[in-house]
Amino acid sequence: MKNLISVIILAILFAACGPERPKVEEGNGANEENAVAENANEGKGIGQVKEVTLNTPLEQDRIPRGKAIYEMKCQACHRLDDQRVVGPGWKDVTKKRKPEWIMNMITNVDVMLERDEEAQKLLELCLTRMPNQNVSLGDARDVLEFMRQNDGEK
Amino acid sequence: MKNKVLLGTAVILAAFSIYGCKPQAPQSAAIGDAASRVYVPPGQYDEFYNIVSGGFNGQLSIYGIPSGRLIKILPVFSVFPENGYGYSEETKPMLNTSHGFVPWDDLHHVAISTTKGEHDGRWVFANGNNTPRVARVSLKSFRTEEILEIPNSGGNHSSPFITENTEYVIAGTRFSVPMGGKDVAISSYKENFKGSISFIKVDSVSGHMNIAFQLRTPGFNFDLSRAGKGPSHGWFFFSCYNTEQAYTLLEVNASQKDKDFIMAVNWKKAEEYLAQGKGKVEKVKYAHNVYSEKTHSATSTIRNEVTVLDISELPEIVYFIPCPKSPHGTDVDPTGEYIVGSGKLAATMPVFSFTKIQNAIANKEFEGDFDGIPVIKYEAALHGEVQKPGLGPLHTEFDGKGNAYTSMFVSSEIVKWNVKTLEILDRVPTYYSIGHLSVPGGPTKTPHGKYVIAYNKITKDRYLPTGPELTQSAQLYDISGDKMRLLLDFPTTGEPHYAEAIPASMIQANSLKFFKIEENEHPFAAKGEGQARVERKGKEVHVYMTAIRSHLTPDNIEGVNVGDDVFFHVTNLEQDWDVPHGFAIKGANNAEILIMPGETQTFLWKPLSTGVFPFYCTDFCSALHQEMSGYIRISAAGVKTPLKFSTGKIEGEQPTGAGN
């Protein structure tokens with residue numbers, strides 16, 4: 001009886017004062033992550049860009065467009081030589097990274113910084129998160145062509 | 001026996017535990033699941049945006065409902081230190097008027113734009129009560145985009161109510177005044193003072209406002225108004241007080257008559273006269289200010305003409321309906337058939353019928369005229385009276401189930417009643433002295449219902465005291481059942497007058513995240529760090545500066561003198577959501593600024609002494625925010641220090657960063 005009464009007291013206390021438990025919906029991102037990991041393993045980074053076709057000679061019409069985007073959205077942090085300022089200099093970036101990785105880094109930077117090992121290494125080095133500059137896929141492709149030219153391709 | 005004692009103790013304990021968690025009577029009637037009804041868990045959103053006037057602070061504030069959380073203060077008619085509105089060179093013209101720069105006005109009412117009588121989620125209009133103006137605010141950018149001054153007005157209270165497709169926004173003068181700035185004796189009120197109602201046309205695409213015409217009316221006070229809708233679309237209803245035409249001690253002298261008027265305006269008829277060229281163009285002076293999202297700048301244009309329709313010369317535009325006594329609110333129900341007049345000194349509340357008004361006009365059931373304008377017989381227009389509704393009825397909102405909710409200022413309560421039967425269904429106390437009230441979608445054809453929010457005039461003991469000046473307050477009530485239930489008190493900034501609430505789903509997805517740098521047409525923008533520079537034009541020094549995490553370019557500036565006007569035009573190069581940068585410099589007499597991604601904002605700095613002055617980003621933006629800074633060197637007047645500017649350049653070394 002005593003125990004029962006204690007239980008009643010406790011139950012009433014909790015019923016009267018117990019906080020509402022917030023409902024938290026847990027998402028299921030497991031499949032997505034697996035798919036992403038495969039892509040990352042190939043050194044192409046994570047994002048919409050799975051395959052980029054590079055042409056030689058360079059696609060000349062892309063270069064001035066890519067340069068204009070560079071000057072507006074990238075130049076504040078990236079130089080065209082190998083000197084790091086805020087972010088790494090761009091010299092030879094197209095020789096070190098796959099084109100898909102570069103375009104994913106430009107267009108999907110927040111996810112890349114969260115999940116891509118190479119991107120994370122750069123963050124540890126630079127200590128400033130690369131901002132999302134809302135560059136479209138088409139514009140990123142133009143920037144890539146400008147980078148290739150900067151790396152001496154014809 | 002022992003068990004009985006224990007059981008008794010348990011009951012007492014239980015009673016105390018429940019009592020201990022309950023709010024104390026009599027201040028609150030919130031009960032049961034009130035807490036969970038207003039609790040929005042972390043990471044989740046409110047169901048409604050509540051757009052609330054700030055009264056004498058001249059701003060709007062945005063709250064989430066049902067939580068009552070303040071999510072934004074939006075400056076309209078007042079300068080705002082938080083984001084530089086009214087301080088930056090770009091926004092100063094927004095507060096220009098024919099009287100010059102007015103830094104602070106009084107904002108009373110809001111109107112969310114409608115299409116076919118329903119919320120369309122595009123704009124909010126707001127009135128400047130003191131120096132008469134109407135503003136249009138974008139619900140995409142949550143910024144004031146346009147402010148139009150109202151000429152021939154003595155205080156813009158009866159405003160900014162809108163027609164069903166936002167064809168017109170209304171600006172009715174609170175105080176009648178002599179037109180044209182005439183120098184006359186105040187005692188010549190009856191002879192010289194006139195009222196003025198402006199119909200502001202709203203461009204259906206751009207939202208741009210333009211005074212289509214003004215009605216010249218007899219001189220008395222216009223308080224509030226509502227447009228007809230559905231069957232009454234094409235009409236507008238205004239409450240009028242001081243039909244006594246008193247000009248002193250209005251408290252007594254404007255409360256003499258048993259009835260004042262509701263003024264019914266047939267604005268389609270007015271449009272006909274206008275098309276026939278019956279309007280008279282008058283010379284006036286008023287400012288029209290427009291903010292451009294492309295140039296990130298406002299322009300202020302002084303306009304000089306307005307077209308006036310004189311209702312004493314043009315019949316069938318206006319009819320007066322007697323309404324007891326000094327009516328405040330005049331509210332039209334969702335069907336458009338019923339017009340509620342709230343006589344703030346009256347013991348009953350009349351509800352007029354649009355059909356009956358039309359019949360009375362057709363059958364000329366007039367009791368006389370006022371300055372030549374027909375006065376419809378009270379009974380001929382009346383649907384019925386709500387008997388003993390409470391003391392001091394002010395405003396009425398509707399729930400779409402045929403019910404009305406009226407605020408009672410003197411008796412501090414909301415009264416729920418049936419519009420057709422006029423039967424009183426429920427009443428709840430408010431704490432204290434409710435002014436306006438709002439049901440989500442209340443003024444539209446299809447109210448969203450669910451809640452009524454009380455905006456109170458007096459706070460007293462509802463919150464922890466903060467000296468003589470207390471927070472203002474609002475209260476949220478559940479109206480989903482038969483009985484109204486108090487759920488929540490929440491504090492408000494400024495004095496809340498009218499407010500509207502709109503489902504978050506109509507706004508949220510359209511909310512602008514940043515300005516596209518490609519589309520920035522500011523004449524002093526630096527669209528990329530390569531364009532950052534300093535230019536001297538005589539005594540003016542223009543700094544084209546860029547900001548991006550985490551540096552300003554240029555961050556070393558020399559060659560500027562005491563006596564120069566230094567304009568810092570700062571372009572935020574970021575293109576991501578929620579990355580504003582701020583800018584401040586030591587000794588800034590004018591302003592600081594906050595620059596949204598992709599935007600350019602300017603402030604003017606006048607160096608008064610020599611030295612080296614630091615400047616920095618004021619909005620914590622990144623891990624290296626503390627490093628986001630620079631220096632400007634100020635030389636004495638006349639000293640020819642060479643103009644120099646740079647970022648990352650170390651004198652005597654190769655220009656370099658941190659190395660690779």
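Let's start where two helices of chain A touch: A:Pro99, A:Ile102, A:Met103, A:Ile106 and A:Thr107 in H5(A) meet A:Leu137, A:Ala140, A:Arg141, A:Val143, A:Leu144 and A:Met147 in H8(A). Sorted by class, this contact has nine nonpolar residues, one polar and one charged. Keep in mind that you are looking at a predicted model.

How do H5(A) and H8(A) pack, and at what angle? Helix H5 of chain A covers residues 99–107, and its axis lies 9 Å from that of H8(A), at an angle of about 130 degrees. An angle like that makes H5(A) oblique to H8(A). As for handedness, H5(A) passes H8(A) in a right-handed crossing.

H8(A), which spans 137–150, also has the buried residues of H3(A) packing against it. Helix H3 runs over residues 62–74 of chain A, and its buried residues are A:Arg62, A:Gly66, A:Ile69, A:Tyr70, A:Met72, A:Lys73 and A:Cys74.

Now over to chain B and its strands. An open sheet there has four strands in the order E20-E21-E22-E25, with antiparallel pairing. Which strands stand at the edges? They are E20 (327–332) and E25 (382–387) of chain B; each has a single partner strand, so one side of each is left without a neighbour in the sheet. From one strand to the next, the twist averages 20 degrees.

Inside that sheet, E21(B) and E22(B) run antiparallel and are joined by three bridges. One pair to look for is B:Val340 with its bridge partner in E22(B), B:Val351.

| Strand (residues) | Strand (residues) | Sense and bridges |
|---|---|---|
| E21(B) (338–343) | E22(B) (348–353) | antiparallel, three bridges |

Who faces whom along E43(B)? B:Ala584 has B:Tyr616 in E43(B) as its bridge partner, while B:Val612 stands opposite B:Arg633 in E44(B).

Notes. Residues numbered from 1 in each chain as written. Chains lettered and ligands numbered in written order. Predicted model: local features only at pLDDT ≥ 70, side-chain atom pairs only at ≥ 80, totals over all residues. Buried ≥ 20, exposed ≤ 12 C-beta atoms within 10 Å, placed from the backbone. Contact = placed C-beta atoms within 7 Å. Axes fitted to C-alpha atoms, helices over the stretch in contact; angles between N-to-C directions. Parallel < 35°, antiparallel > 145°, perpendicular 65-115°, else oblique. Left-handed = near helix turned anticlockwise from the far one by under 90°. Nonpolar A, V, L, I, M, F, W, Y, C, P; charged D, E, K, R; others polar. Pairing = 2+ DSSP bridges.
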